[in-house]
Amino acid sequence: MKKDGMLDVLRGDRSLFNIFTREEEYRDGLRDSYGRFPYYASEERSIREPVVSRYLNEKGMQVQYPDGHNFAVCLSHDVDVLCPHNYFRKELDSIRSFTVGDFRGTIDKLSKPRVVRPFLDSREIMALEEKYGARSSFYFIAVDGGPDRSYDINEIKDDLKFIDGSGWEVGLHGSQAAHADLERMIKEKGLLEGALGKEVVGYRNHFLRFKVPLTWRLLQQAGFKYDTTLGYADCAGFRGGMCHPFFPYDLEAGTTIDIMEIPLVIMDASLFQNYMRLDIRGAWDLIKGLIDVVEAQRGTMGILWHNTNMLGDTLRLYEKTLQYCSDRKAWMPTGKQLQQEMSIEV
Ligand SMILES: [Zn+2]
């Protein structure tokens, strides 16, 4: 993938060039309480139209996915917290013993070490995805203190190794502060690599905090290969008009940044109470519509489904999404696999 290819084509259209480079995000203006540039502050109103990708396709962009696939869906899970059900398992088991009068069992169970596992165990999520031929990326928080710490990655080393060893991906879920702090980003990468025993190449920032172009610069300097943070928290769709991976352009420095961005098109949390307030049926219609658009453009979309949303209606919605992507013959690789195996020529 030639890093400047898209840019050379887009220089012919000022307005698309500005959308692609996120020119409006360089200007001062409204930011939310996380310092994020929200969709409601954007001048662009075509969030469900990948206007830049469409133009690049019209100009003859060649996109190749392995095994004859037409488009790609990169599934991912930000592990903000671990499963509370399993977290309190020993307490629950001891209460059960207590209620049947088994006092020795009560004490034994309480004195067991705590078993900490991701919400809907990562192994269950992987088994579900396997059924549909999908592999996903799990992004873990790796901090030794501060507001974002809710678990210790060193206590889940076995899970990390199992995920990686099975062909799924372990990536870094950078802490909130890391998006603008190179030292932290490098430290967190090192902590996760220490627990995994292997290099980590994929990144998404916690709370989707991101600053254009600073976060991209830092990610390149920290040695990541790809990022998949750039979607709007407050609305699903195509930020920057893109439904293909791309190398971002730094308008201040006048250079392309050497980090692949995989567009995050759907975050589960955007769909419901906090942001778009869709019901399950509305959420499905939107998800399906976006997948159809990406397929038509031979594109790539990122979908973020938190491990904490893997139950009840939202779990069924995730499975429905997997089923639909599988029916449409989408390629569903990890971010790392996508970065290594797809090619785009412009
Ligand atoms: Zn998060």
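Visitor: Where does R277 lie?
Guide: In this predicted model, R277 sits in the loop between α11 (268–271) and α12.

Visitor: What makes the phi of R277 worth a note, given that the residue is not a glycine?
Guide: The phi of R277 is positive, about 55 degrees, and the residue is not a glycine. Most residues other than glycine have a negative phi.

Visitor: Which helix angle follows from packing α12 with α13?
Guide: Helix α12 (residues 280–296) and helix α13 (residues 312–327) pack at about 25 degrees, and their axes are 11 Å apart.

Visitor: Why is α12 called roughly parallel to α13?
Guide: Angles under 35 degrees count as roughly parallel. The angle here is about 25 degrees, so α12 is roughly parallel to α13. The crossing of these two helices is right-handed.

Visitor: Which residues of α12 and α13 make the contact?
Guide: On α12 they are I280, A283, W284, I287, K288 and I291, and on α13 they are D313, L317, K320, T321, Y324 and C325. By class, this contact of α12 with α13 has 8 nonpolar, 1 polar and 3 charged residues.

Visitor: At what angle do α2 and α3 pack?
Guide: Helix α2 (residues 14–21) meets helix α3 (residues 51–58) at about 125 degrees, with the axes 9 Å apart.

Visitor: Why is α2 called oblique to α3?
Guide: Roughly perpendicular covers 65 to 115 degrees, and roughly antiparallel needs over 145. An angle of about 125 degrees meets neither condition, nor the one for roughly parallel, under 35 degrees, so α2 is oblique to α3. The crossing of α2 and α3 is left-handed.

Visitor: Which residues make the contact between α2 and α3, and how many are nonpolar, polar or charged?
Guide: L16, I19 and F20 of α2 are in contact with V51, V52 and Y55 of α3. The contact has 6 nonpolar residues, with no polar and no charged ones.

Visitor: How do you know which kind of peptide bond joins V212 and P213?
Guide: Omega is about 0 degrees, and the bond is cis. Most peptide bonds are trans. P213 is in the loop between β5 (202–205) and α10 (214–222).

Visitor: How many helices and strands does the protein chain have?
Guide: The chain comes to 14 helices and 12 strands.

Definitions and conventions
Residues numbered from 1 in each chain as written. Predicted model: local features only at pLDDT ≥ 70, side-chain atom pairs only at ≥ 80, totals over all residues. Axes fitted to C-alpha atoms, helices over the stretch in contact; angles between N-to-C directions. Helix = DSSP H or I, 4+ residues; strand = E, 2+ residues; numbered from the N terminus. Left-handed = near helix turned anticlockwise from the far one by under 90°. Contact = placed C-beta atoms within 7 Å. Nonpolar A, V, L, I, M, F, W, Y, C, P; charged D, E, K, R; others polar.
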